[in-house]
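Please open the model in a viewer and keep the selection tool at hand.

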Amino acid sequence: MTDRHLVEVSDATVVYDRDPVLVHADLAVSPGDFVGIVGPSGSGKTTLLRVVLGAVRPAAGTVTRARRVRVGYVPQVETVNWSFPITVGECVLMARAGGRWAPWSTPSERSEVADVLDRLGIAGLEHRHIRALSGGQQQRVFIARALLNRPQLLLMDEPTSGVDVRTRHDILHLLSDLNADGLAVVVTTHDLNGIAAHLPHLVCLNREVIAQGPPEEVLTADVLERTYGAPMDVLEHGGMPVVVDRMSASNVIRLRRRAQ
Ligand code: ADP
Ligand code: MG
């Protein structure tokens, strides 16, 4: 591993029960990187993210971390228990209590929470219940929690699943701004056109890394078919790749013909 990597996963294989869910995976993240991991459901995206985090240990291969690297993790919102009676401030402060809920906080902690909420555009929401927030606000609270300990690397699992287009734009901009400020970011997404095509570096995953590189290079019909197991076409719009499902493209043509 070179000194400049924050985390380097090399030839990692992860086995749950007996089935390998990730095989020979390589992923290196350096300061300033903005990486998207794409692939179908069950392809190992969350698992790879958790390998980078250190929460899942590969059965084979190595994970090397820069000394004292701090990594923030934002889980997929669907995995959060929203009925838990907790306020925004308490939720963010869980980053300090080792992930446990603590009913107390110091004035300096409260001021750090206020600062990070302000940075994320949700200032003043400390006392609101997390359940009472919009999907976009909830995402920001969880990003705030991940940022409280000032990580150099932010890992975010499916930040835009289940949010509307406007919120998706806002989250993508927010992550771009954080990245421009020097934070390395790795996101998983199944949104090829709304998210992945806008990122500088993609990893196409289907149990193994099918390809990685800039979207113009990896978003090809061949790589996508091997990643998703279904035929797809790649068009170009304003210099950016746009992925279309070949079935739906041919259906549109068929329906248009029928309408004529
Ligand atoms: P993705 O995030 O791409 O949907 P995951 O990494 O969550 O994929 O899962 C990859 C595979 O591993 C899936 O088949 C899933 O069912 C399985 N899996 C994930 N977590 C566990 C676990 N804790 N125990 C057993 N199998 C798991
Ligand atoms: Mg997942």
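Across the whole structure, which is a predicted model, a search finds six salt bridges. Select Glu-112 and Arg-96 to see one of them: their side chains meet with an N to O distance of 2.9 Å. Glu-112 lies in helix H3 (residues 107–119), whereas Arg-96 lies in the loop between helix H2 (88–93) and H3, so this pair ties together parts that are 16 residues apart in sequence.

Next, display the whole protein as a cartoon. Eight helices and 11 strands are present. Viewed along the principal axes, the C-alpha atoms fill a box of roughly 65 × 50 × 35 Å. The radius of gyration is 20 Å, which agrees with the value near 18 Å that a compact globule of 260 residues would have.

Now colour the protein by domain.

Turn to the boundary between the domains. How many residues of domain 1 are in contact with domain 2? Domain 1 contributes 13 residues, which are in contact with nine residues of domain 2. The size of an interface is often given as the accessible area lost when the parts come together. Here, domain 1 and domain 2 bury about 800 Å² between them, with 74% of that area on carbon and sulfur atoms. Select Leu-154, Leu-174 and Leu-178 next: these three supply 48% of the area that domain 1 buries against domain 2, more than any other three residues.

Keep the boundary in view and look for charged pairs. Side chains of opposite charge can pair when their charged atoms come close. Between domain 1 and domain 2 the count is one salt bridge. Select Arg-119 and Asp-181, whose side chains meet in a salt bridge at 3.7 Å, N to O.

Finally, select strand E6 (153–157) and helix H5 (165–180). Each supplies at least two residues of the side of domain 1 that touches domain 2. Helix H5 gives the most to this side, with five residues. By class, the side of domain 1 that touches domain 2 comprises eight nonpolar, two polar and three charged residues.

How values were computed
Residues numbered from 1 in each chain as written. Chains lettered and ligands numbered in written order. Predicted model: local features only at pLDDT ≥ 70, side-chain atom pairs only at ≥ 80, totals over all residues. Heavy atoms only, no water. Contact = heavy atoms within 4.5 Å. Buried area = accessible area lost by both parts, 1.4 Å probe. Salt bridge = Lys/Arg side-chain N within 4 Å of Asp/Glu carboxyl O. Helix = DSSP H or I, 4+ residues; strand = E, 2+ residues; numbered from the N terminus. Nonpolar A, V, L, I, M, F, W, Y, C, P; charged D, E, K, R; others polar. Rg over C-alpha atoms; globule rule 2.2 N^0.38 Å.
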